[in-house]
Amino acid sequence: MDDGEEAREYNRMDHGEVNRRFVADLLATGDVGRQVLDLGAGTALIPIELCRCAARCRVWAVDVSAAMLELARLRVAEARLAGRIVLVRADAKQLPFRAASFDTVISNSIVHHVPEPLAVMTEAWRVVRPGGIVFFRDLLRPPTREELERLVATYAGGESRRARELFAASLGAALTVEEVRERVAALGADPNGVRQTSDRHFTWAARRSL
């Protein structure tokens, strides 16, 4: 999402409840450590929430979109967290980090933006340290057009027309739980770490073996 108007539209949407739930569920999996990588960080709302809830950690917030990162810069400065959140423009399929660099790798809603998300998942698995946490959450593709329309009405009904269109497109581009499990298994990770966690989300939570 490198279009400036789309980035601004995304920034105007209310993600507060979803982001707070993401961080709470992440922290419930265990200690995230001191070095956290967020793939597809967008406007850095989750890194900001995580830094507020986990006082020891520092977050590298990666996004490929310059427009998103410019908005993230403003958000981080407003939150007075520039010393703990590092903004990085990079492709999540080809990360500029060495293997086993991070205690935790997280991602919220990047999978449906990538034509073949296995590349992103492979990179996440590569850069997390042994014993570290990988925590992905993303949209699920609805089984029918009727269900897609219901989800848009329920969760984006009060947003602008453009925001509703973006949400509908994201749902249509998402994977099913079984499709995510197939990709996790291809990494050599346990596919049972993938489960449906809401009417529109899956979560992949895993700990890299020592």
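Arginine 137 is buried, with a relative accessible area of 7%; here buried means under 20%, exposed over 50%, and partly exposed in between, using a 1.4 Å probe and protein chains only. The model is predicted, so local features need pLDDT of at least 70 and side-chain atom pairs count only at pLDDT 80 or more, while totals for chains, interfaces and linings use all residues. Residues are numbered from 1 along each chain as its sequence is written, and side-chain values use heavy atoms, with hydrogens and water left out.

Let us stay with arginine 137 for a moment. Arginine 137 sits in strand 5 (residues 128–139); strands (E, at least two residues) and helices (H or I, at least four) are DSSP runs numbered from the N terminus. Beyond its neighbours within four places in sequence, arginine 137 is in contact with residues including Arg21, Asp25, Asn108 and Thr203, where contact means heavy atoms within 4.5 Å. The side chains of arginine 137 and threonine 203 are joined by a polar contact of 2.7 Å. Such a contact is a pair of N or O atoms within 3.5 Å; within protein, one must be able to donate a hydrogen and the other to accept it, and residues adjacent in sequence count only if both atoms are side-chain atoms.

| Residue | Relative accessibility |
|---|---|
| Arginine 137 | 7%, buried |
| Asparagine 19 | 8%, buried |
| Arginine 73 | 44%, partly exposed |

Asparagine 19 belongs to helix 2 (residues 16–28). Not counting residues up to four places away in sequence, asparagine 19 touches Leu45, Ile46, Glu49 and Asn108. Arginine 73 is found in helix 4 (residues 66–79). From arginine 73 to aspartate 25 is 48 residues in sequence and 25 Å in space, C-alpha to C-alpha.

Now to the domains. The domain assignment gives domain 1 (4–140 + 175–208) and domain 2 (142–174); such bounds come from an automatic or database assignment. Their centres, taken over C-alpha atoms, are 22 Å apart. Where they meet, 12 residues of domain 1 are in contact with 14 residues of domain 2. The two domains bury about 1,200 Å² between them, 59% of it on carbon and sulfur atoms; buried area is the accessible area (1.4 Å probe) that two parts lose on being put together, summed over both.

One salt bridge is found across this interface, a salt bridge being a side-chain nitrogen of Lys or Arg within 4 Å of a carboxyl oxygen of Asp or Glu.
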